[in-house]
Structure formats: C-alpha cells, structure tokens
Amino acid sequence: MAKPYVDEYGKFSMPVLVNSMDDVPDDFKEAYRVHPKYPDRFILNDEGRELKAWYEGERDRLSTEIERLSTGHAKAKRDRETVERSLAAEIAKAGIKPGLQEGVAALLQQRNKFVVQASDDGSGAVVIATSAYGGFPVERVVASFLESDDGVGYRQKRSAPTAGKFTQRINRLRD
C-alpha cells in the first residue's frame, strides 16, 4: 500500500490536515495538533506551518539551482562538442596523419583553453584558444603546433610527384 501524504520526491508533504497520526512520520508528529472543530482529524500547528513554508521554499530554491546547473551543464557539453568538432576539422585540414588526429586534438586541448563565442555576424559559434597573449583561432593553434618542434612527428610527409608527371610538365613548358 502506498504511503499517504508523500510528494513526488518520496518525502512527507506535510498536508495542512491529516485524518490519522498513524499517517504522519514520527519526526513530524509535533507539527500537528487536534483540529478544534473535528477532533478525529489533525491540523498543522504554527511551528508546523513555518516548517512547511521553509521546506517548500528550500525545495523551490534547490529546484531552481538544479535547473540552473542543468542548463550550465548542457551549455558546457555543447561548447565542448563544438571545440572538438572545430579541432577535428582543422586538424584534418592541416594534413595531420589520420591515425594521430585524436591524439593531437587531446594534446591541444590539454595545452590550451578553448572558449566558444558567438560570431560577430551572428551566424554561429567561433572557437578561440585563449592565452596570456590573447585569443587565437583554432586554425592558428593547429598551424603553430605543426610548425613547432613538438609537431614534427605529426605532419604528413609530402610525396614527390611521379616522374611521369614531372616530365610531362617540363615538356609542356618546352612546347
């Protein structure tokens, strides 16, 4: 049998009027007195009303805080996904070896703090790496990494044109 006077959180809801003290948890029995008009029922006393008001206020405050944190968490998750997509696209475009792209993204995220800002033209979001020297776009961070000594091993080797293509180009120039 379900317990009477229980709210959606499974807590005693402290109704103003109860039919039996058996339905009231021991911790709340002092908050009730016999109803003056109906001696077989019990009503909240002044302290019980204050306790109920405090509980409802605290519950509302906590619900608001939970909603605020959930909204912040959702924004942080969207921002993190935006940073990851932006990094992945720039890393792929920069020619980093495919098997190493995830590692480079993790390394760059470890070394830099990325923030997502609204674009100036309002068309979406822009990812910026912040540092003591200011903010830099993701493509500049990736390029700087590849130009550094740390980035040497992540670059793709450029392949030389085949002899046939080179010879064909020389022959075209002669004609």
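**Overall layout**

The model is predicted. The protein chain holds four helices and six strands. Along the sequence they follow the pattern β-β-β-α-α-β-β-β-α-α. The radius of gyration is 33 Å, well over the 16 Å that the globule rule gives for 175 residues, so the chain is more spread out than a compact globule. Taken along the principal axes, the C-alpha atoms fill a box of roughly 115 × 40 × 30 Å.

**The sheet**

Three strands form an open sheet. Their order is β1-β3-β2, and the pairing is antiparallel. Which strands lie at the edges? They are β1 (17–18) and β2 (32–34), and each pairs on one side only. β1 pairs with β3 (residues 42–44) in the antiparallel sense, over two bridges. V18 has F42 of β3 as its bridge partner.

Two packed helices are described by the angle between their axes and the distance between the axes. Here are the values for two pairs.

| Helix pair | Angle between axes | Distance between axes |
|---|---|---|
| α1 (residues 46–93) and α2 (residues 101–111) | about 125° | 10 Å |
| α2 and α3 (residues 138–147) | about 105° | 11 Å |

**α1 with α2**

α1 passes α2 in a right-handed crossing. On the α1 side, the contact is made by V83, E84, L87, I91 and A92. On the α2 side, Q101, V104, A105, L108 and Q109 take part. By type, the residues of this contact are seven nonpolar, two polar and one charged.

**α2 with α3**

α2 and α3 pack at an angle of about 105°. That falls within 65 to 115 degrees, so α2 and α3 are roughly perpendicular to each other. From α2, the contact uses V104, L107, L108 and R111. From α3, the residues are V141, V142 and F145. Six of the contact residues are nonpolar, none is polar and one is charged.

Two residues of α2 turn up in both lists. V104 and L108 belong to the contact with α1, and V104 and L108 also belong to the contact with α3.

How values were computed: Residues numbered from 1 in each chain as written. Predicted model: local features only at pLDDT ≥ 70, side-chain atom pairs only at ≥ 80, totals over all residues. Heavy atoms only, no water. Axes fitted to C-alpha atoms, helices over the stretch in contact; angles between N-to-C directions. Left-handed = near helix turned anticlockwise from the far one by under 90°. Contact = heavy atoms within 4.5 Å. Nonpolar A, V, L, I, M, F, W, Y, C, P; charged D, E, K, R; others polar. Parallel < 35°, antiparallel > 145°, perpendicular 65-115°, else oblique. Pairing = 2+ DSSP bridges. Rg over C-alpha atoms; globule rule 2.2 N^0.38 Å.
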